[in-house]
Amino acid sequence: MSEFQDLESQDSVRMPWNVLPGTKAEAANCLIPISAIYTPLKPLPSTTPLLPYSPLRCRNCRSVINPFSIVDFSSINKIWICSFCLNRNHFPPHYQSISETSLPAELFPQYTTIEYETSAPNEKVQSGSGNVFLLVVDTCVIEEELGFLKSALLQVLGMVAENCLVGLITFGTYVHVHELGFGQISKVHVFKGTKEVTKDQLLEQMGFFAKRPRPSTGVIAGVRDGLSQESISRFLLPASDCEFVLNSILEELQKDPWPVPSDQRAARCTGTALSLAAHLLGVCVPGSGARIMAFLGGPSTEGSGAIVSKNLSEPLRSHKDLDKDSAPQYHKSVKFYEGLSKQLVHQGHVIDVFACALDQVGVAELKVAVEKTGGLVVLAESFGHSVFKESLKRVFLCDDHDLMLSSNGIFEINCSKDIKIQGIIGPCASLEKKGPLSSETVIGQGNTTAWKLCGLDKTTSLCLIFDIIKKESPDVIAQAANNQFYFQFLTYYQHGSGQMRLRATTISRRWVAGPGSKEDIISGFDQEAAAVVMARQVSFKMETEAEFDPIRWLDKSLIHICSRFGEYQKDSPSSFSLSPRLSIFPQFVFHLRRSQFVQVCNYCLCFPFAASVFEKELCHQQRRREVFNNSPDETAYFRMILNRENVANSVVMIQPSLISYSFHSGPEPALLDVTSIVADKILLLDSYFTIVVFHGSTIAQWRKAGYHEQPEHQAFAHLLQAPGDDADAIISERFPVPRLVICDQHGSQARFLLAKLNPSTTYNSDAPAAPGGDILFTDDVSFEVFLDHLQRLAVQ
């Protein structure tokens with residue numbers, strides 16, 4: 001797969017099919033759609049220049065000039081031919097000096113991805129400053145949790161760039177909007193949590209026009225449209241100007257004072273607070289790189305967006321409740337946050353959620369607003385947990401592990417005439433710009449060729465899904481003459497420096513059709529990208545299709561792909577084989593079926609690829625869409641992270657990596673199998689959300705005996721240290737920061753490792769576990785049984 005990683009390092013693109021089927025029928029027969037995982041802000045190679053001018057665009061299709069454009073140097077007025085629509089375009093006068101030996105950078109063959117600085121270096125966005133951070137803090141938490149949160153916020157406020165604007169809203173039973181520009185005495189505007197507040201009411205009650213008349217017409221939005229800088233500076237101030245006031249407010253911040261009866265939940269108005277935050281940013285800094293950072297410590301129980309009543313006798317909604325449509329407030333809350341997301345997208349603002357509680361807080365309902373605005377999400381058990389504290393620091397870091405937070409993005413796609421765009425699965429919102437390239441089939445955010453990316457960072461990745469519309473197979477001559485499909489991805493965004501930039505990525509892929517095309521198509525198959533596309537597809541279908549059965553869909557898809565591209569004699573499972581290009585793909589699907597994205601009742605996993613009609617019916621009756629062991633909040637969290645991460649990170653979520661450490665050899669990859677557990681070895685599991693350092697029983701005994709502290713056992717001390725250092729290296733590069741679990745064989749926390757391993761040896765296996773090994777107490781099928789069923793059904 002190294003060639004696909006090389007392509008990704010140059011163009012930030014991974015495609016399941018790098019040799020494309022040439023017709024609609026052949027594309028449908030491949031089952032995995034023609035698609036691409038694109039990371040718009042992936043750091044470019046250091047040799048790629050930043051061009052200090054605006055790009056040339058085709059007069060017809062508006063695509064940007066690129067290395068695939070044909071340049072006619074012989075004409076008096078030099079001409080370039082668009083690779084998408086073949087339109088002839090004249091170069092402007094300042095390009096007249098170019099020649100075959102003196103090309104502009106955008107025509108260099110190696111610069112298929114190039115970035116333009118479209119605004120002058122000293123030109124800033126409307127806000128006239130850097131990013132805007134509006135903190136929305138939940139005070140309906142216990143004193144200990146509030147202390148943890150205050151400590152974390154005070155620590156990161158010192159990391160905020162001096163030119164960034166900062167504001168503060170706290171909420172509990174009521175919403176408190178704090179004035180930071182009134183340093184003499186603490187001044188707060190209070191709003192009732194059960195009452196919806198409009199933008200006009202906010203303008204009036206917060207005195208934005210106390211010193212000047214309100215404009216009689218037009219939309220009031222920022223300094224350019226009716227507001228004075230003085231009135232805005234009451235609530236949003238540069239970090240350097242409000243540091244003392246903000247620190248004082250946070251230090252004196254108290255738990256919500258309203259009493260909570262023992263049989264009730266706290267009155268928490270999360271939705272009202274977030275709505276007020278959106279109105280405040282829309283009034284003060286529209287179109288700027290503003291982020292609402294919500295710190296939530298429990299479920300919303302009052303006002304818009306409430307997810308549960310205050311009575312503790314009413315439990316929080318579960319997956320079973322959602323499936324049976326017996327969660328009375330769920331749909332109403334989701335509808336509220338859909339409206340909030342539309343407002344934030346229109347304003348160009350982002351909502352980030354830091355949810356820290358042992359119970360659910362409403363991440364499942366908030367998911368639509370976070371995803372459509374490209375926000376960050378962190379889920380932890382406490383505000384004192386390292387997952388929250390380290391993740392929050394990472395947002396404001398300015399070093400090698402900087403997230404490269406950017407904002408105000410607009411993403412556009414151009415492609416060859418025989419391809420249409422079905423949609424995008426990922427953190428974006430449709431701009432409803434329907435055109436000739438829009439497919440009638442819609443997946444995710446579709447019916448458009450342009451999307452809004454309110455917030456994005458260096459790992460934000462979009463899954464682009466295409467449709468081949470060519471219905472007839474071309475003759476050999478036509479295929480040889482024009483066998484390339486072209487794609488261009490344009491990302492116009494506000495850089496962290498405040499400058500507007502345009503990144504243009506143009507790629508070409510060969511298409512084939514007719515007899516003998518199967519071998520060509522499989523030669524360009526990227527197994528990792530295919531697994532990630534399938535994971536996003538199945539997650540999307542589980543959320544949007546009421547009767548969708550994820551296990552059955554994955555099984556049928558895998559059987560079809562293996563039957564289509566495998567080599568075998570009919571009805572002879574022993575003759576079945578897969579090309580090396582496809583050999584790992586069944587393994588990815590096996591682990592995807594068992595992952596937190598798809599995981600269903602154990603009964604279903606006992607009947608993979610049910611062969612007989614009776615088994616199919618039995619399995620169908622028993623199968624549930626219920627996702628066990630995860631709450632709706634956790635499931636929404638996992639899916640949001642999957643839908644925004646790049647291929648490398650997503651593959652780790654689907655199939656965790658396992659590394660073995662021993663005295664006999666250095667760190668080496670180990671099979672993700674229970675047989676990898678050995679008494680005298682240490683295992684390091686990376687499942688993306690959790691890092692597990694697992695000590696075999698003998699290693700654990702030696703550690704407890706303190707051998708690593710004795711000078712004569714330095715080798716043992718180094719062995720213990722190595723997986724910890726590697727775990728720290730992984731943690732330092734990842735957002736959200738993963739949970740670190742250090743456990744011993746047969747210990748209670750060993751479950752974090754055991755749950756991810758292939759159960760090749762279980763309590764009912766014929767062969768006993770190896771000495772010093774382990775067995776799993778599960779009825780799940782092993783990969784060997786899974787593969788055996790796959791071979792039998794693929795050759796039928």
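# Close-up views of a predicted chain

**Figure 1. Overall dimensions of the chain.** The chain has 796 residues and a radius of gyration of 28 Å, which agrees with the value near 28 Å for a compact globule; the radius is taken over C-alpha atoms, and the globule rule is 2.2 Å times the number of residues to the power 0.38. This is a predicted model, in which local features need pLDDT of at least 70 and side-chain atom pairs count only at pLDDT 80 or more, while totals for chains, interfaces and linings use all residues. Residues are numbered from 1 along each chain as its sequence is written, and side-chain values use heavy atoms, with hydrogens and water left out. Along the principal axes, the C-alpha atoms fill a box of roughly 85 × 85 × 60 Å. The chain contains 24 helices and 30 strands, which are DSSP runs numbered from the N terminus (helices: H or I, at least four residues; strands: E, at least two). Of the 796 residues, 57% count as buried; buried means under 20% relative accessible area, exposed over 50%, and partly exposed in between (1.4 Å probe, protein chains only).

**Figure 2. The largest nonpolar core and Phe411.** A nonpolar core is a set of buried Ala, Val, Leu, Ile, Met, Phe, Trp, Tyr and Cys residues joined through side-chain atoms within 4.5 Å. The largest one has 136 residues, and Phe208, Phe411, Leu464, Phe466, Phe487, Phe489 and Phe585 touch the most other members. Helix H7 (residues 270-284) gives the largest share of this core, nine residues. A second, separate core of 39 residues includes Leu237, Leu250, Ala380 and Val387. Beyond its neighbours within four places in sequence, Phe411 is in contact with residues including Tyr38, Ile424, Trp451, Leu464 and Phe489; contact means heavy atoms within 4.5 Å.

**Figure 3. Cysteines without disulfides.** The structure holds zero disulfides, a disulfide being a pair of cysteine sulfur atoms within 2.5 Å. For Cys269, the nearest cysteine sulfur is that of Cys140, 7.5 Å away. Cys269 counts as buried because its relative accessibility is 0%. The sulfur of Cys463 is 10 Å from the closest cysteine sulfur, in Cys428, and so is too far for a bond. Cys463 is also buried, with a relative accessible area of 0%.

Figure 4. Most residues other than glycine have a negative phi, and most peptide bonds are trans. Leu31 has a positive phi, near 70°, and is found in the loop between helix H2 (24-30) and strand E3 (35-38). At 36% relative accessibility, Leu31 counts as partly exposed. Glu432 has a positive phi of about 55° and is found in the loop between strand E19 (429-430) and strand E20 (450-456). Glu432 counts as exposed because its relative accessibility is 69%. A cis peptide bond, with omega about -5°, joins Phe735 and Pro736. Pro736 lies in the loop between helix H22 (714-732) and strand E30 (739-744).

**Figure 5. A five-stranded open sheet.** The strands run in the order E27-E26-E28-E29-E30, with mixed pairing; two strands pair if DSSP finds at least two bridges between them. Strand E27 (668-669) and E30 are the edge strands, each pairing on one side only. Strand E28 (residues 682-686) and strand E29 (residues 690-695) pair in the antiparallel sense over five bridges. Leu683 stands opposite Phe694 in E29.
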